[in-house]
Amino acid sequence: MPAFCSCGPPQRAAEIDAGDSRRPVAFATYDGEIGWQLPEQASRTVQISQVLSPLEHATRQRILLNPSGAWFKQALTDANARLHAIRQHEQSNAAGLIITPDTETARQAAQQVQVLTGQKAVVVVSEDADASVLLRNFGQQALPWLVAVRMVSEGVDIPRLRVMLYSTN
């Protein structure tokens, strides 16, 4: 299925309560055009924020959440630039978190981290027997990226997480 995505990130800022300290948080939202062509159908181009039928919405989500796709690569590039700036100027061991919908996508996202940043990402998925150990160790290391599926939720405390790429539906 041929697909394209052109997007640009407007940003909003907020503060969150991080225990005994408050840190600014930037929420980058992406809009723009995305297009695809399914076999035996006309090509379709829509805005990322456009309300669609359930079938078209599912198609758009598959394209957007694909780690090999343009949206994910742009979002990861932007998130990595933000993480790099935080590591350079604020917190040298700051980390980023990528949330994905499933194990296969998590592993593909980790490959994209390696390709686009030159850095290895730690993948933590609930199916792995050592997932809890990997997650605990990540919190104590200086590695920059964690990719997770259903593992980082309420009760998980990794204070060095400063950037998140929410790439799931």
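Over how many bridges do strand β6 and strand β8 pair? Select residues 95–99 for β6 and residues 145–149 for β8. The two strands pair over four bridges, in the parallel sense. Now pick out Gly 96. Its bridge partner in β8 is Trp 145.

Before going further, colour by confidence. This is a predicted model. The mean pLDDT of the chain is 82. Of its residues, 82% reach 70 or more.

Next, select residues 1–15. Here pLDDT stays under 50. The model still has 55 contacts beyond four places in sequence for this stretch. Strand β1, residues 3–8, has the lowest mean pLDDT among the elements of the chain, at 44. Where pLDDT is low, the predicted coordinates should not be read in detail.

Return to the sheet. Show β7, β8, β6 and β9 together. These four strands form an open sheet, in the order β7-β8-β6-β9, with parallel pairing. β7 (121–125) and β9 (161–166) stand at the edges. Each has a single partner strand, so one side of each is left without a neighbour in the sheet. Look along the sheet for its twist, which averages 20° from one strand to the next.

Select α3, residues 103–117, which has the highest mean pLDDT among the elements, at 95. α3 lies across β6, β7 and β8. Its direction is at about 175° to β7.

Last stop: select helix α4, residues 131–140. α4 lies across β6, β7, β8 and β9. Against β7, helix α4 runs at about 140°.

Terms used
Residues are numbered from 1 along each chain as its sequence is written. This is a predicted model: local features need pLDDT of at least 70, side-chain atom pairs count only at pLDDT 80 or more; totals for chains, interfaces and linings use all residues. Side-chain values use heavy atoms; hydrogens and water are left out. pLDDT is the predictor's confidence in each residue, from 0 to 100. Contact means heavy atoms within 4.5 Å. Two strands pair if DSSP finds at least two bridges between them. Axes are lines fitted to C-alpha atoms, for helices over the stretch in contact, and angles run from 0 to 180 degrees between N-to-C directions.
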